Amino acid sequence: MEEPRTAVTNATDQRIAVVGLGYVGLPLAIAFTEAGLRVEGVDANARRVAELAAGRSPIDDITNDRLAAALAGGLSLAEPVDAHLADADVIFVCVPTPITRSKDPDLGPVLAAGALIRDHLRGGQLIVLQSTTFPGTTSGPFREELERSGLVAGRDFDLAFAPERVNPGDPASASKGVPRLVGATTGAATRRAAALLRCINDNVIELSSPDAAELAKLLENVFRNVNIALVNQLALLCERMGLDVWEVIDAAATKPFGFMRFTPGPGVGGHCIPVDPYYLAWRAREFDFVDRFVELAGDINFAMPRHVVDLVAEALNERGKALRGARVGVLGVAFKPNVRDARNSPAADVIAGMVGRGATVVYHDPHVPTFRDAAGTTYESQPLDEVVGADAVVVVTAHRAVDMDAVYGRADLVVDTVNSSATRDVRPRQVLRLGAGWSGG
Ligand SMILES: NC(=O)c1ccc[n+]([C@@H]2O[C@H](COP(=O)([O-])OP(=O)(O)OC[C@H]3O[C@@H](n4cnc5c(N)ncnc54)[C@H](O)[C@@H]3O)[C@@H](O)[C@H]2O)c1
């Protein structure tokens with residue numbers, strides 16, 4: 001096939017547009033700006049655009065100062081109606097890829113972004129999808145949407161998939177050293193996209209197709225989901241056996257090869273781990289293939305919040321109290337420590353589960369001022385004292401910013417789902433640890 005005309009040869013001369021300015025798109029836009037490229041950031045959420053334009057970063061990994069420097073440099077912002085996408089040489093798409101209630105992929109945002117680009121598409125552009133999705137999206141429905149313009153991928157414009165591997169809240173993962181993957185519909189497009197990504201990353205790996213890059217990203221997330229399920233299941237077994245799963249995992253992790261440390265917890269959350277594996281399971285079904293690992297890991301991980309509710313009931317029982325009528329303090333509702341991201345947090349099911357069984361719940365999270373539980377009730381973060389003074393405290397997420405010594409010093413009864421009590425002085429039968437049982441034996 002004839003390869004499309006490449007409008008610009010020098011990577012740093014290219015004008016970039018980034019569609020979707022969230023956890024993935026905003027750092028990407030800023031990285032290109034910092035590399036000296038001109039970038040237009042486009043977001044469908046007018047409030048998001050206004051917030052960014054006012055210099056307020058909505059995500060933890062980008063400071064307001066860094067955002068301000070980018071805005072003073074080459075970064076401009078626009079809502080879709082005002083965007084100048086036809087002026088861009090390269091357009092990255094970083095919109096959400098959620099699942100429906102029945103856990104099927106929802107390509108709505110990706111196709112909406114595709115339709116937006118289609119209306120501005122011109123020969124020689126490179127379009128790079130970066131949203132996590134099932135193999136076949138870039139070369140299938142996304143390409144079809146773009147080709148409604150009358151232009152043809154691989155002939156008139158370039159089309160690539162380059163997954164994002166950032167781990168929000170973990171500065172090491174944002175470093176230039178975490179390799180990037182890219183696969184496009186032609187070899188020339190792969191080389192072009194890789195050359196551009198090398199402006200912001202030292203290690204770019206070229207794959208044979210967008211589908212391979214899409215599946216590689218899903219493999220990474222399925223791997224994590226399955227291994228988290230493995231240790232969650234082991235935690236339940238250790239509770240029955242009277243063993244401490246944390247001691248067992250730490251011991252196994254001393255093996256310098258063939259083992260990778262994963263830890264149990266109250267469930268999985270965020271935009272990726274509870275969502276992405278279902279993109280693979282859904283796509284596998286189109287090939288008459290049941291991905292049993294994905295289904296099993298989902299079953300185990302999604303059952304963990306209910307188990308946490310049972311642990312709270314068990315702990316209160318120890319004090320001669322019922323969950324019904326008890327006041328329970330939840331510590332941490334973000335889906336992981338030291339971030340403000342509470343999307344799909346297991347805390348939503350833990351809180352709704354306890355309220356459903358008659359408890360009153362208060363929570364404290366220094367990073368999350370308001371939180372909606374799985375039943376749709378909205379709560380406001382309360383002072384730490386109020387949570388620590390409850391009949392029972394359940395630690396869902398242990399942020400660095402929370403004084404855990406004070407929590408264990410003052411709380412009467414704690415259910416610890418993340419082993420935050422391990423290195424602290426606790427009283428016998430003060431703490432019920434997930435996967436390990438009561439403190440003091
Ligand atoms: N958050 C992560 O840690 C992470 C890591 C790797 C990959 N990913 C993947 O990256 C993608 C984006 O995730 P995110 O966490 O950045 O999402 P996000 O919700 O933080 O940001 C997405 C942004 O896209 C905007 N948007 C939605 N539809 C749009 C449209 N049609 N046009 C323009 N803007 C639109 C939203 O307003 C929002 O600001 C997802 O596919 C996700 O799975 C996320």
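1. Let's start with a strand pair: E4 (residues 90–93) and E5 (residues 126–129) run parallel to each other over 4 bridges. Strands here are DSSP runs of E with at least two residues, helices are runs of H or I with at least four, and both are numbered from the N terminus. Two strands count as paired if DSSP finds at least two bridges between them. Within this pair, Phe-92 faces Val-128 of E5.

2. A word on the source: this is a predicted model, where local features need pLDDT of at least 70, side-chain atom pairs count only at pLDDT 80 or more, and totals for chains, interfaces and linings use all residues. Residues are numbered from 1 along each chain as its sequence is written, and side-chain values use heavy atoms, leaving out hydrogens and water.

3. Now the whole sheet: 8 strands form an open, mixed sheet in the order E3-E2-E1-E4-E5-E6-E7-E8. Strands E3 (75–78) and E8 (204–206) are at the edges with a single partner strand each, so one side of each lacks a neighbour in the sheet.

4. Finally, look at the ligand's oxygen atoms. One is 2.5 Å from a side-chain N or O atom of Thr-97. An oxygen atom of the ligand also lies 3.0 Å from a backbone N or O atom of Tyr-23.

Notes. Polar contact = N/O pair within 3.5 Å; in protein donor to acceptor, adjacent residues only side chain to side chain.
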